[in-house]
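Please have a look at the sequence and the structure first.

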Amino acid sequence: GHSDVLMGSVTVRDDDLGYRLKAAFGRLGIGVSPDDCALVSRGIETMAVRLDKSSRSATSIIDFLGSHPLVESVLYPALPGSAGHAIWKRDFSGASGVFSFSLRREVSALAFPALDSLKLISIGASWGGTKSLIAPTSVRSSRTARPWTGADYLMRLSVGIENADDIREDVERFLAALTSEAVP
């Protein structure tokens, strides 16, 4: 939807398992209201347009970040050379506008105060909406399959449908704030 609802489904082949899951969901209070259905219907109508716009805008932001001296890495499976790109290419026909980037260690501690410089992008965690959002994310503490060896925090950016130049300008303002914070 437009960052206002999350809905999914569980589908199984085994009828008995389906009935047990339905009973468990009922006991847990997991259900769908008519208002939720209306929001999902509204969101589906514009989903392709929103994802196309945000994906195109994200690509331009990623190109900028990938060459910026304060950015250590950009994590986006649709980006050639990214970890998992071959699997992404095999299984997907498009990408969303959600990606992460890490800052160089010498400025990463300044990321939180630098977020105050953002004027267009809000701090928050969601995706697929019309508004661009950024969320600092700690990966090390929640990584279980393999130890995390990257930066302490990743900046997760969900690119909305605002003008790509305006989003980039806001990201540039954030990065400039890192530099000005680093200067004594």
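This is a predicted model: local features need pLDDT of at least 70, side-chain atom pairs count only at pLDDT 80 or more; totals for chains, interfaces and linings use all residues.

Let me begin with Ser-100, which, once its neighbours within four places in sequence are set aside, is in contact with Ser-73, Val-74, Leu-75, Leu-154, Met-155 and Arg-156, where contact stands for heavy atoms within 4.5 Å. Residues are numbered from 1 along each chain as its sequence is written, and side-chain values use heavy atoms, with hydrogens and water left out.

Ser-100 is found in strand β2, strands being DSSP runs of E of at least two residues and helices runs of H or I of at least four, both numbered from the N terminus. Is Ser-100 buried or exposed? Ser-100 counts as buried because its relative accessibility is 16%, and the classes here are buried under 20% relative accessible area, exposed over 50% and partly exposed in between, with a 1.4 Å probe and protein chains only.

Turning to the sheet, it is an open one of 5 strands in the order β1-β2-β5-β4-β3, with mixed pairing, and two strands pair if DSSP finds at least two bridges between them. Its edge strands, each pairing on one side only, are β1 and β3, the latter covering 122-123. β3 pairs with β4, residues 133-138, in the parallel sense over 2 bridges, and Ser-122 has Leu-133 of β4 as its bridge partner.

Next comes the largest nonpolar core, which has 31 residues; such a core is a set of buried Ala, Val, Leu, Ile, Met, Phe, Trp, Tyr and Cys residues joined through side-chain atoms within 4.5 Å. Among those with the most contacts inside this core are Phe-99, Phe-101, Leu-103 and Phe-174. At least two residues each are supplied by α2 (34-66), β1 (71-75), β2 (98-103), α5 (111-114), β5 (153-158) and α6 (164-182), and α6 gives the most, with 6 residues. Beyond its neighbours within four places in sequence, Leu-103 is in contact with residues including Leu-70, Ala-111, Met-155, Phe-174 and Leu-178.

What lines the largest cavity? Its lining consists of Phe-101, Ser-102, Leu-103, Ser-108, Ala-111, Tyr-153 and Met-155, with β2 giving the most, 3 residues. This cavity holds about 50 Å³ of space. On a 1 Å grid over the protein atoms alone, a cavity is a set of points where a 1.4 Å probe fits but cannot get out, whereas a pocket is an open set with protein on both sides within 12 Å along at least five of seven lines, and lining residues have an atom within 4 Å of a point. Grid points are joined across faces, edges and corners, and a volume is the space filled by probe spheres set on the points.

The second largest pocket, with a volume of about 260 Å³, brings us back to Ser-100, which is part of its lining together with residues including Leu-75, Tyr-76, Val-98 and Phe-99. β2 provides the largest share of that lining, 3 residues.
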